[in-house]
Amino acid sequence: MNLRIFGSMPYYSVRIVIVTLFFFSITQGECWKIYSAISNANTPVELRELSFCDDHNGTVISANGLIYITTDGGATWLNRSLHTSEELMGVVMIDSLTIFIATLSVSTPIIKTTDGGMTWLPIEGASGYALRAIQFYSR
């Protein structure tokens with residue numbers, strides 16, 4: 001925090017960093033330790049859903065349009081957000097490159113990446129429905 005004095009009135013310059021923490025337990029939930037964190041300056045990160053395709057690759061989405069991807073089991077997280085205010089509802093990570101996300105947007109209810117989150121495209125033919133979840137099943 002920086003304190004500046006203008007006349008007789010103090011002026012505060014504050015930078016707010018909000019952090020979302022990930023915890024892990026190796027004792028079946030009896031004890032927990034901080035594993036990693038996601039920070040986003042000035043914006044709360046309300047995590048909505050998490051999907052891992054293997055032990056290393058995962059995606060987490062937030063209610064306010066943020067997307068984070070990990071390739072090291074959650075130790076670090078990369079911001080792969082869409083720069084949108086669309087409310088993200090569900091995520092499925094098929095492999096390290098292919099991810100599907102359900103949104104509340106009627107015009108683009110499902111978005112997809114095939115390059116690990118570098119680019120996102122809407123799924124054609126899916127418009128008209130606002131989705132609250134997305135899942136894939138295999139037999």
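Here's a short tour of this predicted model, stop by stop.

**Stop 1: colour by pLDDT.** Averaged over the protein, pLDDT comes to 77, and 73% of the residues score at least 70. Now select residues 1-18: pLDDT stays under 50 here. For that stretch the model has 25 contacts beyond four places in sequence.

Stop 2: Switch to cartoon and pick out β5, β6, β7 and β8. These four strands make an open sheet in the order β5-β6-β7-β8, and the pairing is antiparallel. Which strands sit at the edges? That would be β5 and β8, since each pairs on one side only.

**Stop 3: inside the sheet.** Select residues 58-62 for β6 and residues 67-70 for β7; this antiparallel pair is joined over four bridges. Click on T59, then look across to β7: the residue standing opposite is I69.

**Stop 4: the salt bridge.** Show side chains for E87 and R48. They meet in a salt bridge, with 3.1 Å from N to O. What does the pair tie together? R48 belongs to strand β5 (residues 47-52), while E87 is in the loop between β8 (78-79) and β9 (88-93), so the contact links parts that are 39 residues apart in sequence.

Keep both residues selected. E87 is partly exposed, at 30% relative accessible area, and R48 is partly exposed too, at 28%.

Technical notes
Residues numbered from 1 in each chain as written. Predicted model: local features only at pLDDT ≥ 70, side-chain atom pairs only at ≥ 80, totals over all residues. Heavy atoms only, no water. Salt bridge = Lys/Arg side-chain N within 4 Å of Asp/Glu carboxyl O. Helix = DSSP H or I, 4+ residues; strand = E, 2+ residues; numbered from the N terminus. Buried < 20%, exposed > 50% of the residue type's maximum accessible area, 1.4 Å probe, protein only. pLDDT = per-residue confidence, 0-100. Contact = heavy atoms within 4.5 Å. Pairing = 2+ DSSP bridges.
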